[in-house]
Every structure is written in structure tokens, then in C-alpha cells.
Amino acid sequence: MTIAVGHAGIVTLGTVTTEQTKRTPSPEKTDRAQQRADLLAQHRDARTRRDAARLDSADFRKAAEEIARIEVQINRLEEPDPSG
């Protein structure tokens, strides 16, 4: 247990643990750059399809879901490489 003394008095901080999550495998930097470029091209294509579709159509929803999936992949790819 850690005890911190601040202006408002004594605060105790307990240990907090979180479950480990699966990380995106850390490919070489050149591979990461190529994967990111490919994902951005897919994202651009999906946005074009979504923008061309009627707002309440199945095509719009499908493209919007694909955009979200691609954005998650891009974010995972941009996580810091734990090996340095």
C-alpha cells in the first residue's frame, strides 16, 4: 500500500491490476508503415462507399461498420512498440 500526504490530508492508494489485453503483433517498422498505408487506402474506399450510399440503407451501415473496424486496426497498429 502506498500512502501519499497532500494538502487535504492523507490519501491511501491500493494496488490496482488490470487484465492483460492482446496487443497487435509488433512487425518491423517498414511493415507497420506499409500496413498503415494499406489500411488508410481501405478507409478511404469505405468512406467513399458510405458517402455514396443512402443514409438509412444497408450499404451505408455496412460501410460505416467497415470504417469502424479499419479505424480500430489503425489504432492498434499505432500503439507503441513494447520492444522499443
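1. Within the protein chain, 49% of the contacts with a separation of 6 or more are accounted for by residues 24 or more positions apart, a contact being heavy atoms within 4.5 Å. The model is a predicted one, in which local features need pLDDT of at least 70 and side-chain atom pairs count only at pLDDT 80 or more, whereas totals for chains, interfaces and linings use all residues. Residues are numbered from 1 along each chain as its sequence is written, and side-chain values use heavy atoms, with hydrogens and water left out.

2. The protein chain holds 2 helices and 2 strands, which follow the pattern β-β-α-α along the sequence; these elements are DSSP runs numbered from the N terminus, helices being H or I of at least four residues and strands E of at least two.

3. On confidence, the protein chain averages a pLDDT of 79, and 62% of the residues score at least 70, where pLDDT is the predictor's confidence in each residue, from 0 to 100. Among the elements, strand β1 (residues 2-6) has the lowest mean pLDDT, 51, while helix α2 (residues 58-77) has the highest, 96.

4. Of the 84 residues of the protein chain, 13% count as buried, a class defined by under 20% relative accessible area, with exposed meaning over 50% and partly exposed in between (1.4 Å probe, protein chains only). The accessible surface of the chain comes to about 7,200 Å², and 52% of that surface belongs to carbon and sulfur atoms; the areas come from the Shrake-Rupley method with a 1.4 Å probe, and for residues only the protein chains shown count as cover.

5. The structure holds 5 salt bridges, each a side-chain nitrogen of Lys or Arg within 4 Å of a carboxyl oxygen of Asp or Glu. One of them joins the side chains of Arg36 and Glu78, at 2.6 Å from N to O. Arg36 lies in helix α1 (residues 29-52) and Glu78 in the segment after α2, so this pair ties together parts that are 42 residues apart in sequence. Arg36 is partly exposed at 35% relative accessibility, and Glu78 is partly exposed at 41%.

6. A salt bridge also joins the side chains of Glu66 and Arg49, at 2.4 Å from N to O. This pair links distant parts of the chain, with Glu66 in helix α2 and Arg49 in helix α1, 17 residues apart. Arg49, Glu66 and Arg69 are linked in a network of salt bridges.

7. Arg54 forms a salt bridge with Asp56, the closest N and O atoms being 2.9 Å apart, and both residues, Arg54 and Asp56, are exposed.
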